[in-house]
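Please look over the sequence and the structure shown here before reading on.

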Amino acid sequence: MSMGKIQVYYGSGRGKTSAALGCAIHEASIEGSVIIIEFLKRKNEDETAFLQRLEPEIRVFRFQKSSRNYEELDEQGQFDEQMNMKNGMNFARKVLQTGECSALILDEVLGLVDYGIISEEDLLALLCLRSEETDIILTGRVLGDGLREYADAVYEISVRKDVCES
C-alpha cells in the first residue's frame with residue numbers, strides 16, 4: 001500500500017491543470033480512481049464533454065454555473081459563485097471522508113484562498129481529512145507558506161517565453 005502525497009502545481013505559467021490531468025491519467029492507468037473538482041473556471045461545454053469521456057475512472061465536477069470568468073461578474077454574481085464554490089469544497093470534504101477515490105485533484109483551489117473565499121486554514125483542515133493512501137493535487141497561481149510547508153511536493157510553473165494565445 002503506497003502512502004498518499006500532497007502535490008501542488010502553482011505559478012503564473014500555463015500547464016498547472018495539464019500537469020494535474022497527466023497525474024490523473026497515470027492514476028487511472030494503474031486502476032486508481034480520480035475525482036477532479038474545478039474551481040474558478042468558467043463553464044465550457046466542449047471541455048466538460050471531453051472530460052466526461054474519461055469516466056468512470058476520472059470524474060470531473062464543476063460547481064460554478066456562470067459562463068463568464070469570476071472576475072467579470074458583478075457583486076451578486078460573485079456571491080452566487082462563491083456559494084457554488086463552497087458547495088464544491090463541501091463535496092471535496094465528503095469525498096475525503098468517505099475515501100471515494102485514490103486521487104483528488106482540486107483544480108484552481110489556491111485561487112479560493114487568494115480571493116478570500118476560503119482561508120488557508122480551511123484548506124489545511126480539508127487536507128487533514130485524507131486517508132494515508134489518498135493523493136491530493138492542488139493547483140492555482142499563489143501558494144501560501146502554510147500550504148507550502150504541508151505539501152510533500154511543490155512545483156512552480158512560470159513563464160519564460162509564451163507564444164501561445166488562448
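The sections below describe selected parts of this predicted model.

## Helix H1

Helix H1 covers residues 16-29, a run of 14 residues. From its first C-alpha to its last it reaches 20 Å, which is close to the 20 Å expected at 1.5 Å a residue. The buried residues in H1 are Lys16, Thr17, Ala20, Ala24, Glu27 and Ala28. Viewed down the axis of H1, these buried residues fall within an arc of 110°, so they line one face of the helix. An α-helix has 3.6 residues a turn, so residues three or four places apart point the same way.

The cover over the buried residues of H1 includes strands S1, S2 (34-38), S3, S4 (103-107) and S5 (135-140). On the face turned away from the buried side, H1 carries the exposed residues Ser18 and Ser29. Glu31 follows H1 and has a positive phi, near 70°.

## Strand S1 and Gln7

Gln7 is located in strand S1, which comprises residues 6-10. With a relative accessibility of 16%, Gln7 counts as buried because this value is under the 20% cut-off. The side chain of Gln7 makes a polar contact with the side chain of Tyr9, at 3.1 Å. Leaving aside residues up to four places away in sequence, Gln7 touches Cys23, Ile136, Ile137, Leu138, Ala153 and Tyr155.

## Aromatic pairs

The structure holds 4 aromatic pairs. In one of them, the rings of Tyr9 and Tyr155 have centres 4.8 Å apart and planes at 15°, so this pair is stacked. The pair links distant parts of the chain, since Tyr9 belongs to strand S1 and Tyr155 to strand S6 (residues 153-156), 146 residues apart.

The two partners can also be described by their accessibility. Tyr9 is buried, with a relative accessible area of 9%, whereas Tyr155 counts as partly exposed at 38% relative accessibility. Elsewhere, Phe61, Phe63 and Phe91 form one aromatic cluster.

## The loop containing Pro56

Pro56 is found in the loop between helix H2 (45-52) and strand S3 (58-62). Pro56 is exposed, because its relative accessible area of 60% is over the 50% cut-off. Between Pro56 and Gly116 there are 60 residues of separation in sequence and 33 Å in space, taken from C-alpha to C-alpha.

Notes. Residues are numbered from 1 along each chain as its sequence is written. This is a predicted model: local features need pLDDT of at least 70, side-chain atom pairs count only at pLDDT 80 or more; totals for chains, interfaces and linings use all residues. Side-chain values use heavy atoms; hydrogens and water are left out. Helices (H or I, at least four residues) and strands (E, at least two) are DSSP runs, numbered from the N terminus. Buried means under 20% relative accessible area, exposed over 50%, partly exposed in between (1.4 Å probe, protein chains only). A polar contact is a pair of N or O atoms within 3.5 Å; within protein, one must be able to donate a hydrogen and the other to accept it, and residues adjacent in sequence count only if both atoms are side-chain atoms. Contact means heavy atoms within 4.5 Å. Rings of Phe, Tyr and Trp (its six-membered ring) pair if their centres lie within 6.5 Å; planes under 30 degrees apart count as stacked, over 60 as edge-to-face and the rest as tilted. The expected span of a helix is 1.5 Å times one less than its number of residues. The arc is that of the directions from the helix axis to the C-beta atoms.
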